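Here is a friendly walk through a single protein chain, meant to be read with the model open beside you.

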Amino acid sequence: MSLYFHLRAVPPSALRNSATWLQRLFEDDWDTVRRRIDRHREEMLDHHYVDHDTLYAGAPPHRAGEGPGAHVVLGGRPVPHHAPEAPPFLLLTAAQAARVAAFLTSTDIETLWHQARDQLLPRYGGPTTEPETHTLITSTHRDLTAFYQQTAEYGDAVVKCLLR
C-alpha cells in the first residue's frame, strides 16, 4: 500500500472546519490532481514525506519548533479525521503559508542537505546512493518552493492530508 502526503492550496474563505469537507478536497481523480500539481495548486509527496520534514524542521531532539521550517511538511493545526484510525488533516493559515514560502525561497538547500545528510542517506541505501538521493531532495525542494510561492501569491491557506 502506497502512502502519499498531499498539500493543497485553498482560498481562506472556502475553508471549512469539517473533516468530511476536508476529505472531499482530496477525492479528485488523478487527472484533476495532476493539473493542480502542474499549476502549483497542489503538491504530493511519496512515503518519504517524513524525510522532507526532517530536512526542514530538523530531527528530534534538534527540531526547529514552530517556525516556518516546521510548517513546510508536517506543521499546521490538526483537524481530526472522521475515521479515528486516520491521521488528522493539517491546516496552515494564509499567513503561515506565506511565511513558509519566504523560508523556502531564502533557504539554502545545500546547507539543509548537509545538516540532514547523515541521517537521511541510510534510509535511501547509504553513501553510494548520495547523488540520486540529493537529486530527489533538491527536486522536491523546488516543487515545494513553487507550490508555497504560488500559494502565498494567491493569499491561500494550505490543507494537508495523508492518503493511502
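## A helix inside

Let us begin with helix α3 (residues 49–57): eight of its nine residues are buried, so the rest of the structure largely encloses it. Here, buried means under 20% relative accessible area, exposed means over 50%, and partly exposed is in between (1.4 Å probe, protein chains only). Helices (H or I, at least four residues) and strands (E, at least two) are DSSP runs, numbered from the N terminus.

The buried residues of α3 are Tyr49, Asp51, His52, Asp53, Thr54, Leu55, Tyr56 and Ala57.

## About the model

Please keep in mind that this is a predicted model, in which local features need pLDDT of at least 70 and side-chain atom pairs count only at pLDDT 80 or more, while totals for chains, interfaces and linings use all residues. Residues are numbered from 1 along each chain as its sequence is written, and side-chain values use heavy atoms, with hydrogens and water left out.

## The overall fold

The protein has seven helices and five strands, and from the N terminus on their order is β-α-α-β-α-α-β-β-α-α-α-β. Its radius of gyration is 15 Å, close to the 15 Å that the globule rule gives for 164 residues, so the protein is as compact as a globular protein of that length. That radius is taken over C-alpha atoms, and the globule rule is 2.2 Å times the number of residues to the power 0.38. Along the principal axes, the C-alpha atoms fill a box of roughly 45 × 35 × 35 Å.

Of the 164 residues, 48% count as buried. Among contacts (heavy atoms within 4.5 Å) with a separation of 6 or more, 72% come from residues 24 or more positions apart. The protein exposes about 8400 Å², and carbon and sulfur atoms supply 54% of that area; accessible areas come from the Shrake-Rupley method with a 1.4 Å probe, and for residues only the protein chains shown count as cover.

There are 16 positive and 20 negative side chains, and the centres of the two sets lie 7 Å apart. Lys and Arg count as positive and Asp and Glu as negative, with His and the chain ends not counted; each charge is placed at NZ of Lys, CZ of Arg, CG of Asp or CD of Glu.

## Two buried arginines

Which strand holds arginine 8? Arginine 8 is found in β1 (residues 4–10), and it is buried, with a relative accessible area of 14%. Its side chain reaches the backbone oxygen of leucine 25 at 2.3 Å, a polar contact being a pair of N or O atoms within 3.5 Å; within protein, one must be able to donate a hydrogen and the other to accept it, and residues adjacent in sequence count only if both atoms are side-chain atoms. Phenylalanine 26 is 18 residues from arginine 8 along the chain, and their C-alpha atoms are separated by 8.4 Å.

Arginine 41 sits in the loop between α2 (30–38) and β2 (42–45) and counts as buried at 10% relative accessibility. Leaving aside neighbours within four places in sequence, the contacts of arginine 41 include Arg8, Arg36, Phe147 and Tyr154.

A polar contact of 2.7 Å joins its side chain to that of glutamate 42. Not counting residues up to four places away in sequence, histidine 6 touches Val33, Glu42 and Leu163, among others.

Valine 33 lies in helix α2 and is buried, with a relative accessible area of 6%. Apart from neighbours within four places in sequence, valine 33 is in contact with His6, Asp28 and Glu42. Valine 33 and leucine 163 are 130 residues apart in sequence and 13 Å apart in space, C-alpha to C-alpha.

## Two loop histidines

Histidine 40 is found in the loop between α2 and β2. Its phi is near 60°, a positive value in a residue other than glycine, and histidine 40 is partly exposed, with a relative accessible area of 29%.

Histidine 82 lies in the loop between β3 (77–79) and β4 (89–92) and counts as partly exposed at 48% relative accessibility. Setting aside neighbours within four places in sequence, histidine 82 is in contact with Ala19, Thr20 and Gln23. Serine 18 is 64 residues from histidine 82 in sequence and 8.8 Å away in space, C-alpha to C-alpha.
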